[in-house]
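Subject: Structure for your review

Dear colleague,

I am handing over the structure shown below, together with a short account of what was found in it. Please read the account with the structure open beside it.

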Amino acid sequence: IAGNGICKCRVCECFPNFTGSACDCSLDTAPCMASNGQICNGRGTCECGTCNCTDPKFQGPTCEMCQTCLGVCAEHKDCVQCRAFDKGEKKETCSQECMHFNMTRVDSRDKLPQPGQPDPLSHCKEKDVDDCWFYFTYSVNSNGEANVHVVE
């Protein structure tokens, strides 16, 4: 017994919130809760207090890590470029492909949102088609709305 129940006639009787033949499986889902408030980031199931990621490219305690993924910055750079500067690879398809976030222009990098706000925030520095750097932040709020702030 894992200390989560009592043994009666060689059978474990588990305390509340535990299950399994040796009461070693926690039903508590708190360890599976990701920072976005979803169980296993919506990419897995919580089994015995541990995330079992259903998408094999995601790992980590709450299925938040992806070694092979592009990353937030690279993933959104073409859309930010066409919406903010009307150029880049998605310039022609911008209105179809790139309307999934709210965009706010700011006039300098120190006007970008800073870490410490409630929504997870990515600070991005990407090269545009003219080989110039441009800066933006990408965050998703509790309603699932994506917000981009871009330096003009």
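The notes that follow go from the overall division to the sheet and its aromatic residues.

**Overall division**

Please bear in mind that this is a predicted model. The protein falls into two parts, domain 1 (5–66) and domain 2 (70–151). Between the C-alpha centres of domain 1 and domain 2 there is a separation of 35 Å.

**Domain 1**

Strand β1 (residues 5–8) and strand β2 (residues 11–14) run antiparallel and are joined by four bridges. K8 has V11 of β2 as its bridge partner. Two residues lie between the strands of this hairpin, and C9 there adopts a positive phi near 50°.

Further along, the loop between β7 (58–59) and β8 (65–66) contains T62. With a relative accessible area of 11%, T62 falls under the 20% limit and therefore counts as buried. Which residues is T62 in contact with, leaving aside its neighbours within four places in sequence? They are P31, C32, M33, A34, C40, N41 and C51.

An open sheet of four strands is arranged in the order β9-β12-β11-β10, and its pairing is mixed. At the edges are β9 (101–106) and β10 (121–127), each of which pairs on one side only. From one strand to the next, the twist averages 25°.

Within this sheet, β11 and strand β12 (residues 146–151) run antiparallel, with five bridges joining them. F136 stands opposite V150 in β12. Helix α1 packs on the sheet and touches β9, β10, β11 and β12. The direction of α1 makes about 110° with that of β11.

**Aromatic residues**

How many aromatic pairs does a search of the whole structure find? The search gives two.

F85 has a relative accessible area of 26%, which lies between the limits of 20% and 50%, so F85 is partly exposed. F134, by contrast, has a relative accessible area of 4% and is therefore buried.

F134 also pairs with F136: the ring centres are 5.7 Å apart and the planes are at 20°, so this pair is stacked. F134 and F136 are both buried. Through these ring pairs, F85, F134 and F136 are linked into a cluster.

As background to strand positions, side chains in a regular strand alternate between the two faces of the sheet.

**Charges over rings**

Two placements of a charged side chain over a ring may also be of interest. R109 lies over the face of Y135, 4.0 Å from the ring centre. The charged end of K125 sits over the ring of W133, at 4.5 Å from its centre.

**In brief**

The points I would ask you to look at in the structure are the hairpin of β1 and β2, the contacts of T62, the packing of α1 on the sheet and the cluster of F85, F134 and F136.

With kind regards

Notes. Residues numbered from 1 in each chain as written. Predicted model: local features only at pLDDT ≥ 70, side-chain atom pairs only at ≥ 80, totals over all residues. Heavy atoms only, no water. Domains from an automatic or database assignment. Pairing = 2+ DSSP bridges. Buried < 20%, exposed > 50% of the residue type's maximum accessible area, 1.4 Å probe, protein only. Contact = heavy atoms within 4.5 Å. Phe/Tyr/Trp six-rings, centres within 6.5 Å; stacked < 30°, edge-to-face > 60°. Lys NZ or Arg CZ within 6 Å of the ring centre and 35° of its normal. Axes fitted to C-alpha atoms, helices over the stretch in contact; angles between N-to-C directions.
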